[in-house]
Amino acid sequence: MTTKVEFRDISNFVHVARTGSLTRAGMISGAPKATLSHSIRRLEDFLEVELFHRSQRGLQLTDAGRALLDNTGRIFDSIELAASAAQRAHSSLNGKVRILGSAEFGTSIIGAATLYLAREHPGLSFETRMYPSDTPLPEQTEFDCLIFVGTAPSSDHVCRKLGNVGYRAYASPLLLQRLGTPNSVEDIREMPGIEYTRKGIAESWLLQDTDGQRIGDYNVRFSVHDYWMAKFYAVSGEAIAYLPDFFVHYEVAQGHLIPLLQEANESEKISVWAIYGAARHRNPRVKLVIDTLCQNFDKLIRHPGYALVRQDLQL
């Protein structure tokens, strides 16, 4: 004897009861006649009642069958309405997207992307949070999409590459007028520099000259914990800073900072990833965010709001 009632058996019973035919019920539900027949038998065995009179004219509900339909039909209809509501909510572009970002560049990338999407899609809302990228991926944190800089963490999530970020040493023209322009990694050794630290560990300067890529030494003048402060000192002409290219794009374009030595090779740049659960990509809101980041990464990462100096106004 069946030990419990399966929802699919109730669903099949409702279809058969409302159509009075296994054939018509099968056309509506998509289930084979044999499956529908087995469902009815299982219900009758469990309830120990006969639900249909079987005759040449078709299937007629018994009193027990009519009582079951009256009570389960309303529940079944409510479940179908609830399922339809869930599907509509899932397929809608209106609603919230939760984005988690690693602290170094998360604010820059996520800020520009969510601002762009919010203006294009008024029904979207965003919840954004940052976490230090030198800590393990927060397993218990609920998020729809994580923006991660560096080597993609090992996890069960999908990792989709957005683009690359290069680093370089930068200095103000004021500093170079006083101290001269370095032509090699060795020339920087005695120059004042800005040390960026994470958890007390200084970030290495991977500099490139005609002799190849080497870790550069410098005379530590300032020690900071965020790139904004490093850029502030560099633009002020006090020291050399080792900064991501996108973060000083506008300062360089306006001549307030000058890149030093050679640009890093493409293979030596740092990758930026969108990380998300495989099922999340079926959500149209999450898919829109990730596709927008992938298609517009270079534009979004150089958003004008991240310049330290005033932009030239064109009226």
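Mentor: Let us start with terms. Helices (H or I, at least four residues) and strands (E, at least two) are DSSP runs, numbered from the N terminus. Axes are lines fitted to C-alpha atoms, for helices over the stretch in contact, and angles run from 0 to 180 degrees between N-to-C directions. This is a predicted model, in which local features need pLDDT of at least 70 and side-chain atom pairs count only at pLDDT 80 or more, while totals for chains, interfaces and linings use all residues. Residues are numbered from 1 along each chain as its sequence is written, and side-chain values use heavy atoms, with hydrogens and water left out.

Trainee: How are two packed helices described?

Mentor: The angle between the axes and the distance between them are given. Here, helix H2 (residues 22-29) and helix H3 (residues 33-47) have axes that come within 9 Å and cross at roughly 110 degrees. H2 is therefore roughly perpendicular to H3; angles under 35 degrees count as roughly parallel, over 145 as roughly antiparallel, 65 to 115 as roughly perpendicular and the rest as oblique.

Trainee: Which residues make the contact of H2 with H3?

Mentor: Contact means heavy atoms within 4.5 Å. H2 contributes Leu 22, Thr 23, Ala 25, Gly 26 and Ser 29, and H3 contributes Lys 33, Leu 36 and Ser 37.

Trainee: How many salt bridges does the structure hold?

Mentor: A salt bridge is a side-chain nitrogen of Lys or Arg within 4 Å of a carboxyl oxygen of Asp or Glu. The structure holds 14 of them. In one, Asp 291 and Arg 160 meet at 2.9 Å, N to O. This pair links distant parts of the chain, 131 residues apart: Asp 291 lies in helix H9 (residues 284-295) and Arg 160 in strand S6 (residues 158-165).

Trainee: Is Asp 291 buried or exposed?

Mentor: Buried means under 20% relative accessible area, exposed over 50%, and partly exposed in between (1.4 Å probe, protein chains only). Asp 291 is buried at 14%, whereas Arg 160 is partly exposed at 27%. Asp 291 also forms a salt bridge with Lys 287, with the closest N and O atoms 2.8 Å apart. Because Lys 287 and Asp 291 are four residues apart in helix H9, about one helical turn separates them.

Trainee: Which residues are linked in a network of salt bridges?

Mentor: The network links Glu 186, Arg 189, Asp 209, Asp 211, Arg 214 and Asp 217. Between Arg 189 and Glu 186, the closest N and O atoms are 3.2 Å apart.
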